[in-house]
Amino acid sequence: MMGCASSIHISDRVNHSEDSQNCSHPGHIKPQSTLTEVQFGPMKLYEDQLQVLLVFAKDDAQSNSFCWACERAGFRCNVARTPEAALESFQEKNHDLIIIDHRHSRYFDAEALCPSIRGISCSHNTVIVAVVKRPDREEATVMPLISAGFNRRYVENSNMMSCYNELLQLHHGEIRAQIKLRACNAVFTALEQSQEAIEISSEDHFIQYVNPAYECIMGYQRGELLKENTEVPKSEKNKPDLLENISSCIRRGKEWQGVYYAKKKNGDSVQQNVKMTPVVGQGGKIRHCVSVTRPLNDHNKTEKSCERVQAESQTDIQQFSKHKDRRKGSLDVRSTTSRGSDGSSQRRHSSMARIHSMTIEAPITKVINIINAAQESSPMPVAEALDRVLEILRTTELYSPQLGTKEEDPHTNDLVGGLMTDGLRRLSGNEYILATKQLHHIPGHLTTPLSLNDIPPCIAQTMENEDSWDFDIFNLESATVKRPLSYLGLKIFSRFGVCEFLSCPEATLRSWLQIIEANYHSSNSYHNSTHAADVLHATAYFLCKERVKQSLDPIDEVAALIAAAVHDVDHPGRTNSFLCNAGSELAILYNDTAVLESHHAALAFQITTRDDKCNIFKNMERNEYRTLRQAVIDMVLATEMTKHFEHVNKFVNSINKPLAALEENGDSSDEDSVQNILTAPENRILVKRMLIKCADISNPCRPLELCIEWAGRISEEYFAQTDEEKQQGLPVVMPVFDRNTCSVPKSQISFIDYFITDMFDAWDAFADLPNLMQHLDNNFRYWKSLDEKKLHSLRPPPE
C-alpha cells in the first residue's frame with residue numbers, strides 16, 4: 001500500500017495442539033505430506049497438517065475407512081462418539097474438516113449438532129460434511145443439510161479409496177477455499193490498520209468496502225456507504241476529460257495515478273493523490289477497482305494551479321507485474337520488470353511539474369515520451385504492446401533477466417546472487433573488517449630472469465605452445481613454483497612488442513610483472529596469479545584472431561594485455577557480496593559498488609606509478625597514457641558480473657547484428673561497411689570489454705582436464721567463503737556451496753547455462769572460435785553425465 005506509516009505483517013497459523021483422542025488404524029501408512037504451500041494471488045500461504053474430526057457414534061466400516069483415508073492423506077484425525085464430545089474437541093482443536101454420521105438418527109441428531117458447531121465463532125472456515133444413507137428410491141434434496149450448516153454430503157460408501165478420494169477433493173476444493181478466505185480476513189485486517197484511505201468499488205462504481213481511514217478523512221460512517229447500490233461520491237471540480245481518462249485506463253485494465261477531487265460528506269471537495277487499480281475477476285473482466293488515496297499536504301494551492309497539475313498527472317503510472325522471463329538459449333535477454341515506485345505518489349506534484357518542464361532530458365525519457373505519444377492514436381492491441389514496452393523501459397535493470405523461484409534452480413540463483421549483486425547491505429553484529437594490507441614488494445629471495453634469454457630451459461619448454469588454446473597453465477604453475485604470471489607475461493608481452501610501444505626497458509617490465517604477481521594471493525585456490533596468467537593467455541589468443549585485429553589498434557592490444565594481468569590483483573578470495581555484508585574497508589571505500597573491480601584497477605596503477613623501477617608508463621606521452629589508462633580501467637571494471645548481460649547485449653546489438661545484416665544483404669564483401677562497424681570508437685570499447693570478459697570466465701571452454709581443475713578450484717574458494725560466513729555470523733550468499741552437500745556438476749551446469757553459452761555464442765560469431773565451442777560442448781556433456789548419475793564430485797569414482 002502507498003506510503004503506510006507502519007508495516008503490517010500477515011501470518012496464517014494453524015493450531016498445533018496434540019490430539020487427545022487420535023484415530024488409529026492397524027495398517028499405519030506414512031503420511032504423504034504435513035506442510036503444503038499454496039499461492040493465493042501475490043500472497044503465499046502455508047497449510048499445516050489438516051485437522052479432521054469424525055463424529056460417529058460407533059465404529060463401523062465407514063468410520064474405519066475415513067480413519068484409514070486420513071492416515072493415508074497425512075491428516076490428523078480425532079473421533080468423537082457424542083455431540084458433547086464433538087463440541088468439546090472442536091473448541092479445543094478447531095478442526096479444518098468435520099465429518100458427521102447422519103445415517104442413524106437414534107444415536108444423535110446430526111442436523112441439530114451442525115448448527116451447534118456453527119454457533120462457535122471459529123467454525124466460519126470449517127468444512128462440515130454429512131454422511132448419509134444411500135437412497136432407496138428417489139433422491140432427497142440437500143437443502144435441509146445446507147440450511148443446517150453442512151457444506152456438502154457424502155453418500156455412504158465404505159470403500160477405502162472412495163473415502164480417500166473424497167478427502168483429497170475436499171482438501172483441494174472447499175478446505176483450500178476456506179484457507180484462502182482466512183487469508184482474505186488477514187488482508188482486510190491489514191487494510192483496516194492502514195493509515196491511508198482505501199475504497200473498493202464494483203465494476204458499476206458501487207462501493208463495496210471502505211476502511212476506517214477513509215471514514216475519518218471523508219466524514220462518512222461505513223454503514224452509510226455500504227447501503228445497496230451506493231455510488232462513489234463525485235466532486236464537480238473534476239474536469240470531464242480527467243474522468244474520461246480515468247475510466248479509459250480502468251476499462252483497459254491499467255492503473256491510474258494522479259490528483260483527483262473527492263467529495264466529503266459535508267459537501268467539501270478535497271484534493272487528493274489517488275491510485276486506482278483495476279482488479280480482473282471471473283471471465284477476464286474488470287470486477288472491482290481499488291482506490292488508495294492520500295490528501296495533498298498543501299491546501300493553499302489555487303484552483304488554477306491544481307487544474308494544471310491535474311492535466312500533468314493524467315499520464316498513467318504503471319504498477320509493473322513480475323514476469324518470469326527466463327533466459328534460455330537466446331541472446332535477446334529480456335529484462336526483469338520491477339514494480340512501479342509506490343513512493344512516487346508521495347512526491348509533491350508541483351515538483352513533478354517542474355521536473356517535466358526541465359530542458360535536460362535523457363535519451364530514455366525521449367523514447368518513453370515518443371511511445372506515449374504514439375499510444376494515443378494506436379489501436380488497442382498496439383497500445384497494449386506499447387504498455388509492455390514502457391514497463392520494460394522504465395525498469396532500471398534493463399539487461400538482467402529474471403530467474404525462476406529459488407526452488408526451481410537454487411544453483412543458478414546462488415551463483416547469480418553471489419556474482420551479480422553487491423551483497424545484502426546488511427552488517428552483522430560481529431562485523432568482519434578486512435585488515436589494511438601493506439602493498440607487497442618483490443621478495444628478495446626470488447631469482448627471476450633478467451630477460452627472455454635467461455628463462456630456465458625447463459620453464460621455457462612448458463611455454464613452447466603458449467600460442468595454442470590447449471596450453472596447460474598448470475604445468476607452468478608447477479614449473480615456476482606458483483609464479484607463472486612473470487614468466488608467461490615476459491613471453492607474451494615480448495611477442496606483442498609491449499616494451500617497444502611503451503618505450504619501456506625490458507627490466508622495467510620484468511619488475512612490473514613481478515610486483516603485480518607478488519600482490520596476488522597464492523593462498524587463494526582460484527583467484528591467484530595462475531588465474532591472472534590464464535586470463536592473460538586467453539587475451540593474447542583472442543587478440544590474434546583476424547576480426548579482433550581488424551577492430552583494435554596497438555594501444556587497445558597493449559591495454560588489453562595489461563588489464564588481463566592486473567584484473568584480479570590483491571583479490572581476497574571472497575565475492576563482492578561477502579565484502580559488503582561484512583562491512584569491509586574496501587566495501588566502505590567504494591560504497592558497496594563494484595568493490596573488488598574498483599580496487600584491482602586502482603591498486604594496479606598505485607603499484608605501477610609509485611616506483612620508477614616498475615613504472616612501465618614512465619616514458620609515455622601524457623595524452624597517450626591517459627587513453628591507455630582509461631582503457632585498462634574500463635576493461636577491469638567490465639569483469640564485474642552485475643553488468644554481464646548489459647555488455648553481452650550491447651555487443652550483440654551493436655556489432656554482431658549489423659555484421660550479420662551485411663552478410664544477409666550480400667554486402668559482407670563491402671570492406672568499408674565492415675570496417676566502419678569494427679572500428680567505430682564505441683564498438684572498439686565493446687570488443688575490448690567482451691574480450692576480457694570471455695578471457696576471464698573461459699574455464700568451461702578449456703580442454704576437459706583443465707576445465708575440471710578450474711571447477712575444483714573455484715568451488716573450493718566458494719566453500720571457504722561459506723565456511724567463513726557461517727563462522728562469522730554473516731548472511732550466507734551462496735548456500736548451495738556448502739562443502740558437505742554441494743553438487744559441483746550442478747553448479748557448473750548452471751554457470752554454463754546462465755553465463756557462458758550465450759556469451760561465447762556471440763564471441764564465436766565474431767571471432768570464429770570453433771575449438772572453444774567444441775570444448776564447451778564436451779565439458780557440458782561431461783558435467784551432465786555426472787549429474788545424471790547423481791554424483792556431486794569433480795570426477796566419477798574409479799572403475
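Let me start at T593, which sits in the loop that runs between helix 23, residues 585-589, and helix 24, residues 595-609. Keep in mind that this is a predicted model. Is T593 buried, exposed or partly exposed? Its relative accessibility is 44%, so T593 counts as partly exposed. In sequence, T593 and T642 are 49 residues apart; in space, their C-alpha atoms are 9.9 Å apart.

Now the overall numbers. The protein contains 31 helices and 12 strands. It has 799 residues, and 49% of them count as buried. Take the contacts between residues at least 6 apart in sequence: 72% of those join residues at least 24 apart.

Next, the nonpolar cores. The largest one has 118 residues. Which residues have the most contacts inside it? They are W512, F542, F760, W763, F766 and W783. Helix 30, residues 744-767, supplies the largest share of this core, with 13 residues. Apart from that core lies another one, of 25 residues, and F56, C77, V79 and V129 are among them.

Back to F542 for a moment. Leaving out residues up to four places away in sequence, F542 touches W469, V548, L691, C694, A695, F760, W763, L769 and L772. Two of the residues in that list, F760 and W763, were also named for the most contacts inside the largest core.

That leaves helix packing, and I have two pairs, both with helix 28.

The crossing of helix 25 past helix 28 is right-handed. On the helix 25 side the contact is made by A631, D634 and M635; on the helix 28 side, by I685, K688, R689 and I692. By type, the residues of this contact are 4 nonpolar, no polar and 3 charged.

The second pair is helix 27, residues 671-679, with helix 28. Here the axes are 5 Å apart and the angle is about 65 degrees. That makes helix 27 roughly perpendicular to helix 28. Which residues of helix 27 meet helix 28? I677, L678 and T679 do, and their partners in helix 28 are P681, N683 and R684.

Notes: Residues are numbered from 1 along each chain as its sequence is written. This is a predicted model: local features need pLDDT of at least 70, side-chain atom pairs count only at pLDDT 80 or more; totals for chains, interfaces and linings use all residues. Side-chain values use heavy atoms; hydrogens and water are left out. A crossing is left-handed if the near helix is turned anticlockwise from the far one by less than a right angle, and right-handed if clockwise. Helices (H or I, at least four residues) and strands (E, at least two) are DSSP runs, numbered from the N terminus. Contact means heavy atoms within 4.5 Å. Ala, Val, Leu, Ile, Met, Phe, Trp, Tyr, Cys and Pro count as nonpolar, Asp, Glu, Lys and Arg as charged, and the others, Gly among them, as polar. Buried means under 20% relative accessible area, exposed over 50%, partly exposed in between (1.4 Å probe, protein chains only). A nonpolar core is a set of buried Ala, Val, Leu, Ile, Met, Phe, Trp, Tyr and Cys residues joined through side-chain atoms within 4.5 Å. Axes are lines fitted to C-alpha atoms, for helices over the stretch in contact, and angles run from 0 to 180 degrees between N-to-C directions. Angles under 35 degrees count as roughly parallel, over 145 as roughly antiparallel, 65 to 115 as roughly perpendicular and the rest as oblique.
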